[in-house]
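Please look through the model before reading these notes.

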Amino acid sequence: IGDRKRYFRSNIESWKNLFSEQFSKLIYLNELLKEISEVRTTDTKEFNTALNQLIDFMTYFLQEIPKIFEKWEEKN
């Protein structure tokens with residue numbers, strides 16, 4: 001008496017869909033950052049350099065993730 005139990009629910013079966021949705025959001029974010037980079041002032045060289053490095057990394061990351069997923073599917 002007096003003890004309350006917590007019940008949690010997880011939708012683990014749809015992890016691939018969730019992953020795909022998050023991946024799409026990253027693609028959108030990267031495109032948005034590219035647009036921002038194109039219209040930025042040249043006065044803030046350090047910030048622009050850091051922004052372009054982030055864009056380069058995200059572009060690389062977004063190219064590699066599908067390859068990793070394919071390798072994982074082949075393995076399983």
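1. Is E73 buried, partly exposed or exposed? E73 is partly exposed, with a relative accessible area of 39%. Here buried means under 20% relative accessible area, exposed means over 50%, and partly exposed lies in between (1.4 Å probe, protein chains only).

2. Some ground rules apply. This is a predicted model, in which local features need pLDDT of at least 70 and side-chain atom pairs count only at pLDDT 80 or more, while totals for chains, interfaces and linings use all residues. Residues are numbered from 1 along each chain as its sequence is written, and side-chain values use heavy atoms, leaving out hydrogens and water.

3. Next, the helices (DSSP runs of H or I, at least four residues, numbered from the N terminus). Helix α1 covers residues 15-39 and has 25 residues; its first and last C-alpha atoms are 37 Å apart, close to the 36 Å expected at 1.5 Å a residue. Helix α2 covers residues 45-75; with 31 residues, α2 reaches 45 Å between its end C-alpha atoms, close to the expected 45 Å. The expected span is 1.5 Å times one less than the number of residues.

4. The two helices pack on each other. The buried residues of α1 are F23, N30 and L33, and they pack against α2. In α2, the residues N48, L51, I55, M58, L62 and I65 are buried, and the buried residues of α2 pack against α1.

5. Leaving aside neighbours within four places in sequence, N30 is in contact (heavy atoms within 4.5 Å) with I55, M58, T59 and L62. The side chains of N30 and T59 are joined by a polar contact of 3.1 Å. A polar contact is a pair of N or O atoms within 3.5 Å; within protein, one must be able to donate a hydrogen and the other to accept it, and residues adjacent in sequence count only if both atoms are side-chain atoms.

6. N48 sits in helix α2 and is buried, at 16% relative accessible area. Its side chain reaches the backbone oxygen of T41 at 2.7 Å. Not counting residues up to four places away in sequence, N48 touches R40, T41 and T42.

7. How many salt bridges does a search of the whole structure find? The search finds 3, where a salt bridge is a side-chain nitrogen of Lys or Arg within 4 Å of a carboxyl oxygen of Asp or Glu. One of them joins K16 and E73 at 3.8 Å, N to O. K16 lies in helix α1 and E73 in helix α2, so this pair ties together parts that are 57 residues apart in sequence. K16 is partly exposed, at 39% relative accessible area.

8. Two salt bridges remain to be described. K34 pairs with E31, with the closest N and O atoms 3.5 Å apart; being 3 residues apart in helix α1, K34 and E31 are separated by about one helical turn. K67 pairs with E64 at 3.2 Å, and these two are 3 residues apart in helix α2, again about one helical turn. An α-helix has 3.6 residues a turn, so residues three or four places apart point the same way.

9. Finally, I12 is found in the segment before α1 and is exposed, with a relative accessible area of 57%. I12 and Y28 are 16 residues apart in sequence and 25 Å apart in space, C-alpha to C-alpha.
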